[in-house]
Amino acid sequence: MQQAPAEPFAILHEDEQVLAVAKPAGVASQPTLTGDVGTLPWLVARHLGRRTAEVATVHRLDRETSGVVVFGKTPTATRALAAAFREGTARKEYQAIVAGRLEGSGAIDAPLGPAPGRKGAYAVRPDGAPARTRWEAVAHLGEEATLVRLLPETGRTHQLRVHLAHLGHPIVGDVRYGGPARAGAIEPKRFLLHARALALPHPSGGTLALEAPFPADFSAALGLFSLERPPEG
């Protein structure tokens with residue numbers, strides 16, 4: 001039987017309409033082919049005292065990505081949150097550790113679609129859906145790796161992973177998209193991508209600003225960097 005993860009999610013914010021959590025790496029954002037036990041909706045349902053089917057997912061992170069995820073606690077709140085992602089009013093910030101030395105800042109404007117012959121993978125392709133990611137290098141581990149801040153302006157599947165690989169600097173640990181299994185002393189058990197912050201309209205008005213602390217594996221990797229300036233949330 002599938003077991004719940006040893007590390008439950010951390011609650012970042014909760015009120016009568018919204019629940020925001022820090023998803024641990026390794027936890028699926030939606031039920032899988034083998035069931036829903038141990039997935040994030042299942043964990044949220046346990047917290048709320050509901051059935052998993054009653055927990056609606058309005059946005060998702062890849063299984064190995066850690067960080068901020070929000071849920072609506074009422075149908076009205078769920079619709080409002082979903083609209084924020086659909087209409088682009090949800091502002092997302094990720095941080096990743098990528099291979100090689102990447103300098104400065106820029107934007108990747110490259111359409112994405114299914115990768116031919118690679119089930120479940122995506123690629124830059126001219127007939128794909130528009131996708132744009134702004135990026136900024138924050139710190140370096142010599143020539144081995146770079147800590148990068150990522151501001152996606154669209155929300156395509158695997159967007160950040162594919163865009164960074166397209167840039168020539170895949171995420172460390174992301175072997176699916178050409179990332180090295182190791183960079184210097186960093187040898188992660190997953191790809192190092194973290195959904196650091198999220199700001200979006202609260203269903204009741206105003207802005208809900210959220211920030212998820214770095215998990216232990218990401219923090220350990222950051223400890224090897226010479227930070228030119230601290231990561232911002």
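**View 1. Strands β4 and β10 at the lining of the largest cavity.** In this predicted model, β4 (91–99) and β10 (193–201) each contribute at least two residues to the lining of the largest cavity. Strands are DSSP runs of E of at least two residues, numbered from the N terminus, and helices are runs of H or I of at least four. With three residues, β10 provides the largest share of this lining. Residues are numbered from 1 along each chain as its sequence is written. Local features need pLDDT of at least 70 and side-chain atom pairs 80 or more, whereas totals for chains, interfaces and linings use all residues, and side-chain values use heavy atoms, without hydrogens and water.

**View 2. Residues around the largest cavity.** The lining consists of His59, Leu61, Val68, Lys92, Tyr94, Ala195, Ala197 and Leu198. A cavity is a set of points on a 1 Å grid over the protein atoms alone where a 1.4 Å probe fits but cannot get out, and lining residues have an atom within 4 Å of a point. By class, six of the lining residues are nonpolar, one is polar and one is charged (nonpolar: Ala, Val, Leu, Ile, Met, Phe, Trp, Tyr, Cys and Pro; charged: Asp, Glu, Lys and Arg; polar: the others, Gly among them).

**View 3. Volume of the largest cavity.** The largest cavity holds about 50 Å³ of space, the volume being that filled by probe spheres set on grid points joined across faces, edges and corners. One cavity of 30 Å³ or more is counted.

**View 4. The surrounding chain.** The protein chain contains four helices and twelve strands. Its C-alpha trace spans about 50 × 40 × 40 Å along the principal axes.

Technical notes: 1 Å grid on protein atoms, 1.4 Å probe; cavity = no way out; pocket = protein on both sides within 12 Å on 5 of 7 lines; lining within 4 Å.
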